[in-house]
Amino acid sequence: MISDIVIVHHPVSVCVPVNHLVTLSVRAESTSDLNYQWFTDDECEVWGETKADLTIKARKTQCYVCRVNNHSGNCVFSDWVKVKVHDIQTAGLPAQWQGDPHIVINPTSLRVQPAANVTLSCVAYGKPAPQYQWYKNGLPLFNETSDTLQIDGVTVEHKGSYLCSVSNVLKECWSDAAELDVVLNDRPAPAALTASDKVALLIGNLNYNHHPSLMAPVMDVHELANLLQHLGFRVVSLLDLTKEEMQAAIEKFIQLLDRGVYGLFYYAGHGYEHAGRNYLVAIDTPQPYRPENCVCVQRVMLKMQDKETALNIVLLDTCRKWCNQGGALSAIRPQLPKGNTVYGFATCEDAEAFEVQDGRKSTGIFTKYLNKHILEVDKVTHVLEKVSEDLGRDQLVTDKQAVEVKHTLKEPRSLADPVHTKGHTRELHRREACWRQANELPKKKRLVFFCGAEVEISFSALFSNVLVVFAKVKSTGLRTQDCTVRMSSKPTMEDMFSGSGTFEEVDSLMSGSSCNSDCTLRLCGLQKLKHYLVIQVDLHFTHTKSLLRQTESQKLAIGKPLVASCDLFNRKYGATAARQHDAVAATQSMDKIASCKGLQKHPMAGTCRPFTRKAECQAKVGVTRWNQPEENDENELCQAMNAFALGH
């Protein structure tokens, strides 16, 4: 007969990705009924968790313990266990993962000088949490049983091949081997490459007014923004911009660039190419396209170069179908040979780029593999080469899409290079203020209603122009029961996701923040906001005495949140002057040609209909996206030259 409580099975520690469902279990025996209560390491009860099994969505690393007691007043505690959480976006788990060790970070080879300090890392998921054992040249290293191997003051004796064994009760696996090379060299090691700052502008267009809508840019932009933040970038991410909004956002982005800065521009959406120039299609572009409707990528790069940045990267997940081949060449001046530019194209010239749906989420195939490799500490062009190799093995786009990389790098610069601000403090403060303007959230607010109920309003940003408002009833008061909350905004902000087929994906992005809210309001297209935003909170409740259903309302002014504070709609740019300058330049150029060879009339640009299809895993016919672009600079110049010819 068991007189006391005996725990026969303790919970075990685990290591899992963020938002993974984890179940901790304890089993005990006693002569009487048992009660359970789980606690965290901050001595807080896990509310409502009074069973032998605790199931949680792992959001941060935390320790847990379970108290088991019976009706005789006896109690015992289980072992403390740790739920270790890693937010590693590129580490996908097998679909039917059972908890066996899954390595997500392998140690990397290093070439160092004597006396350097070296850290090798190996991180793995596992249920139970995996154990580690480091090896050098095939022999185990005594007492090196953590996920990192630290070697301080490296000598020649440390040179060799290192790897790590990772195991739990289910399986043992091995990391990649990392070669540690100790270089004996009297010459000082070259100074590490650094950035004075890192800034990125990400634009995704999906809901087109006159063209087929896309689905992939939502998740592509969101995931890439998170990864770039891990690399230390200041990120502005925007969805669904008109032509003028795109140009205004680019101008704000250019303001963040300066000497020594790493600048990255990413675009996902419709696009095309003509005469070596790439053009991005805004959501308000009509059919057929007009000269003023598209953004020229090369103009963006030239503005980036003019800022004397240390590294300029343009990543385009868009088509490059050739259009208007009969038009005149662009008068855009050639790029400068500064040796600091990198272009990563989702596809090669005169080809299409694809997005894919695998039943879980939509993604551009290029960005899918880009996100897989972008955190790697490697020269940025080498990272893009790995993206190209992975995409080349994807059977969905065999002989249809191939990544193209163009660059003028003279140094092995990496997106993971550290930021050193010494000597750039004043510029850093200016950029910080400009960047924060586009990313600052309203502060959390608690509203007290006349009936005594209290509602907490909090905020989260899905993108720099998409704000999510959460409402939570914190207390009901003595006169209310069955409280519910509804919210609306003035002015009303259109939900850009309502027609894109991305409800489930957007909801998945919000799940982490909204799990405890009673009401959620999504406010999109904040770049269009011209006046202060007001949130109306309606509290519906039943009066405890009269039992009548009643409503009370309060209004909360939150100003211009996120990118709304930048007033992109007020952009004043010299587009007319630029077009006139290009036309004059073209006329003068044709004058010289006519004096030598006689003027040949150039035909007007004809209609071209490139298309982008959507690749799918299922055996279905792809959906065709038809565009009808007429490239802007070239058409304007073509019209100028034809007018000149008619005058002669």
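**Figure 1. Helix H4 is largely enclosed by the rest of the structure, because seven of its nine residues are buried.** The helix covers residues 365–373, and its buried residues are Ile365, Phe366, Thr367, Tyr369, Leu370, Asn371 and His373. Here, buried means under 20% relative accessible area, exposed means over 50%, and partly exposed lies in between, using a 1.4 Å probe and protein chains only. Helices (H or I, at least four residues) and strands (E, at least two) are DSSP runs, numbered from the N terminus. Please keep in mind that this is a predicted model, where local features need pLDDT of at least 70, side-chain atom pairs count only at pLDDT 80 or more, and totals for chains, interfaces and linings use all residues. Residues are numbered from 1 along each chain as its sequence is written, and side-chain values use heavy atoms, leaving out hydrogens and water.

**Figure 2. Threonine 363 sits in strand S29 (residues 362–364).** Is this threonine buried or exposed? Threonine 363 is buried, with a relative accessible area of 9%. Its side chain makes a polar contact with the side chain of aspartate 220, at 2.8 Å. A polar contact is a pair of N or O atoms within 3.5 Å; within protein, one must be able to donate a hydrogen and the other to accept it, and residues adjacent in sequence count only if both atoms are side-chain atoms. Leaving aside neighbours within four places in sequence, threonine 363 is in contact (heavy atoms within 4.5 Å) with Ala216, Asp220, Glu355, Val356 and Lys368.

**Figure 3. Strands S23, S24 and S25 form an open sheet in that order, with antiparallel pairing.** S23 and S25 (294–296) stand at the edges with a single partner strand each, so one side of each has no neighbour in the sheet. Neighbouring strands are turned by 30 degrees against each other on average, direction ignored. Two strands pair if DSSP finds at least two bridges between them, and four bridges join S23 to S24 (residues 277–281). Across this pairing, glutamate 273 stands opposite asparagine 278, while histidine 274 has arginine 277 as its bridge partner. Two residues lie between the strands of this hairpin, where alanine 275 takes a positive phi near 50 degrees. In a regular strand the side chains alternate between the two faces of the sheet. Accordingly, Gly271 and Glu273 point one way from S23 and Tyr272 and His274 the other way, and all are buried.

Figure 4. Axes are lines fitted to C-alpha atoms, for helices over the stretch in contact, and angles run from 0 to 180 degrees between N-to-C directions.

**Figure 5. A search of the whole structure finds three aromatic pairs.** Rings of Phe, Tyr and Trp (its six-membered ring) pair if their centres lie within 6.5 Å; planes under 30 degrees apart count as stacked, over 60 as edge-to-face and the rest as tilted. Tyrosine 135 is buried, with a relative accessible area of 17%, whereas tryptophan 174 is partly exposed at 44%. Tyrosine 343 and phenylalanine 345 have ring centres 5.5 Å apart and planes at 5 degrees, so they are stacked. Both tyrosine 343 and phenylalanine 345 are buried.
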